[in-house]
Amino acid sequence: MIIYIFISALTGFLGYKVQALSKKGALAATGVGCMIALGFAWKGLLLLGIFFLSSTVWSKYQSEQKGGIEEIVEKGASRDQYQVLANGGVAALAGVMMVIFPKEVWTFIFLSAIATSNSDTWASELGVLSTRKPLHIKTLKIVPAGTSGAVSMLGVVASFLGSALIGVVGSFVFDLSYQAAAVVTFAGFVGCLSDTLIGATMQEEFQCLRCGTRTERRTHCGKQTDKLSGVKGFNNDVVNFASSVIGALIGGAWIL
Ligand SMILES: [Zn+2]
């Protein structure tokens, strides 16, 4: 266990060093890593590592092309503790539950939660690189890349591959069936889709009073933004957490 704590802390520290994580984000990631290692040992850490590494790589990939997105999304490239918990909280909880009530269902819940987060990160990091402008999932109108609810073909493909990677590697290391790989892939993909849907319907959206940009940010151009729509308190973290729960429940429901 000590080695797992060390690996988790080292990864958190490295994440902080490459500015993928804020200081508190690194602490939260270390905690999440330890809880996952508690329940799923190296297998859990391997999957968490795949998620963490691939999302860091994709977020740095062609980052100069993503310049405009920073204006729209609420947070920058360094993930804070809320983002870490929104993406890894359900997986960490599954790790703890595995220790208390060892049942295979927690493995499915864990894999599906990670698959959802991986799917969502791949979709958002790669989807914005689409050369064709994305459509809004609700209105089907063309919107700027990075808008909540924006869907591009590239994003959908990236979402599927991100989920499938966790499904395939997960079922391999946990010695599960091919069917399990498909279930986890499906759960992660639907979880990611629900993220887009919830983002499009319930997430708070604001507008800059100065430049008119529609944004998730509460301030823009140094001034308070005006709320356009969404449920109070429903920021990107809440949406991510909710979709992680949905993905996990779909994966877990299969085995019950
Ligand atoms: Zn502005």
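Visitor: At what angle do helix 4 and helix 8 pack, and how far apart are their axes?

Guide: Helix 4 (residues 81-100) and helix 8 (residues 236-255) pack at about 5°, with axes 8 Å apart. This is a predicted model, where local features need pLDDT of at least 70, side-chain atom pairs count only at pLDDT 80 or more, and totals for chains, interfaces and linings use all residues. Residues are numbered from 1 along each chain as its sequence is written.

Visitor: Why are helix 4 and helix 8 called roughly parallel?

Guide: Angles under 35 degrees count as roughly parallel, over 145 as roughly antiparallel, 65 to 115 as roughly perpendicular and the rest as oblique. The angle here is about 5°, so the two helices are roughly parallel to each other.

Visitor: What makes strand 4 and strand 7 edge strands?

Guide: The open sheet has 3 strands in the order 4-3-7, with antiparallel pairing; two strands pair if DSSP finds at least two bridges between them. Strand 4 (214-215) and strand 7 (226-229) each have a single partner strand, so one side of each lacks a neighbour in the sheet.

Visitor: How do you know that strand 3 pairs with strand 7?

Guide: Strand 3 (residues 205-207) is joined to strand 7 by 3 bridges, and Glu 205 has Ser 229 as its bridge partner.

Methods:
Axes are lines fitted to C-alpha atoms, for helices over the stretch in contact, and angles run from 0 to 180 degrees between N-to-C directions. Helices (H or I, at least four residues) and strands (E, at least two) are DSSP runs, numbered from the N terminus.
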